[in-house]
Amino acid sequence: MSTVTCHRLCCALRSSIRLNNFHGQKIIRSSNKRFSFPATLRSFSTMSSYTIEEKGPANSLQYRIFFKNASGNYISPFHDIPLTPSGSSDPAVFNMVVEVPRWTNAKMEIKVGEKLNPIMQDVKKGKLRLVKNCFPHHGYIWNYGALPQTWEDPGHNDEHTKCKGDNDPLDVCEIGSRVAKRGEVVQVKVLGVLAMIDEGETDWKILAIDVRDKLAKDLNDLQDIKKHMPGFLESTFEWFKIYKVPDGKPFNTFAFNDEPKGKDFALSIIKQTHEQWQRLMQGKTDPAGLSCENISVAGSAHLISAEQAQTIAAAAPEIGTPEPVNTDVDTWHFIPQ
C-alpha cells in the first residue's frame, strides 16, 4: 500500500468516526411559543444574517430545512438569498448555500419544486438517497451546495456542451479546509468550473473556496489549485466520474476533453445562469414544475407576502425524533477503472 493510499484511508476512517458521532448526537428542542427561538433555529456565521429551522424528523421523508432572513421571515434560499454578498467588491465572490457538508453521504438539496424551496434529502424509488463511498473517498469530498439566484434552464441548449440544463441552481464544490454545516450561507471565491454531462444534461460544477479559508488569498484560478493542492482536481474528476456506478449507472462524462475551465469561464457561466434565473422570475420563462415563490425579488412575477410564507412553513410537521440512518452508509465500493 502506498503512502498516499494509506493517508487517504486514515483520513477516511477519522471522517467516518465524525459522521457516526454526528448521526448519534442528541437534538435539543423547545416549544414554538410566540417570540421564543426554537433550538433548531441557528445562525452559523457573522458573515451570514440567515438562520435555519428544521422541520420533520431527521433522516425521514418529512425532514425539511427552512430558511429565515434577518427579520425572522421565512424565505426561499433559491430566490431570496442574493447571488452577490452585500458590500462585496470582488466580482469573483458569491453567496453559497451549503447543502451537503464534507464527509457526509445524505444527498441533501434545495427542493426546487416545493414552495419556499427548503433543503431536503433526495428520494429515489421511495427511499432517501445516500451517495456511496467509492474508494478512496468517503461521502462528499468538499462542502457541496448551490449558488442562489442561478438556474440551469432545461430549455437552453448550451453552446459548449450541446446539452440542455438540469433545471437546478448551479452546484458548488467548496474546497477549503473547514467542514461546513448544512444550511450555512458562506461567501466563496470562484476558481473554475467542471462541465459534467449527467444523463444527457449539462450539470456545471463550480469550484470555489470559502473567503475565510487560510488558502483563499493564494487561490485565484485553477493553476493555483494545482500548485497548492496537487492532485485535488484529479480527485474531484474521479469522484464525479464514479459516484453513481454503485447504483448501476455508467461513468459520468465531461465536456472539454475532461479538462476544467478557469475562473473567467466560470464567471461567464454564473452570469448566464443568473440571467436565466432573472427571466424565470420575471415570468418570461415557463417554470415547468419549479416553485418560484419569494418574498423579496424586485420585479418578480412570483412574489408572496411574509404571512403567506409563514403559512407554508407552518404546514410542515414538527421536528420529532430522528429516524435511524440506513446502515448502507458505511459500505465501501471499489470501482475498477
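R178 is partly exposed, at 32% relative accessibility (buried means under 20% relative accessible area, exposed over 50%, partly exposed in between, with a 1.4 Å probe and protein chains only). This is a predicted model: local features need pLDDT of at least 70, side-chain atom pairs count only at pLDDT 80 or more, and totals for chains, interfaces and linings use all residues. Residues are numbered from 1 along each chain as its sequence is written, and side-chain values use heavy atoms, leaving out hydrogens and water.

**Salt bridges**

- The structure holds 17 salt bridges (a side-chain nitrogen of Lys or Arg within 4 Å of a carboxyl oxygen of Asp or Glu).
- R178 pairs with E184 at 2.9 Å, N to O. E184 is buried, with a relative accessible area of 1%.
- A salt-bridge network links R178, E184, D210 and R212.
- K244 and D198 form a salt bridge at 2.7 Å, N to O. K244 sits in the loop between α3 and β16 (253-254) and D198 in strand β14 (residues 185-198), so the pair ties together parts 46 residues apart in sequence.
- K244 is buried at 8% relative accessibility, and D198 is buried at 12%.

**R102**

- R102 lies in the loop between β5 (93-100) and β6 (108-110) (helices, H or I of at least four residues, and strands, E of at least two, are DSSP runs numbered from the N terminus).
- R102 is buried but has no salt bridge. The nearest side chain of opposite charge is E174, 4.9 Å away (Lys and Arg count as positive, Asp and Glu as negative; His and the chain ends are not counted).
- The R102 side chain reaches the backbone oxygen of G176 at 2.6 Å.
- Beyond four places in sequence, the contacts of R102 include W142, I175 and R178 (contact means heavy atoms within 4.5 Å).

- The largest nonpolar core has 51 residues (buried Ala, Val, Leu, Ile, Met, Phe, Trp, Tyr and Cys joined through side-chain atoms within 4.5 Å). F67, W142, I175, W239 and F240 touch the most other members.
- Helix α3 (residues 232-242) gives the most to this core, with five residues.
- Eight of the 11 residues of α3 are buried, so the helix is largely enclosed by the rest of the structure. Among them are F232, F237 and I242.

**Confidence**

- The mean pLDDT of the protein chain is 88, and 86% of its residues reach 70 or more (pLDDT is the predictor's confidence in each residue, from 0 to 100).
- Over residues 1-46, pLDDT stays under 50.
- Where pLDDT is low, the predicted coordinates should not be read in detail.

How values were computed: A polar contact is a pair of N or O atoms within 3.5 Å; within protein, one must be able to donate a hydrogen and the other to accept it, and residues adjacent in sequence count only if both atoms are side-chain atoms.
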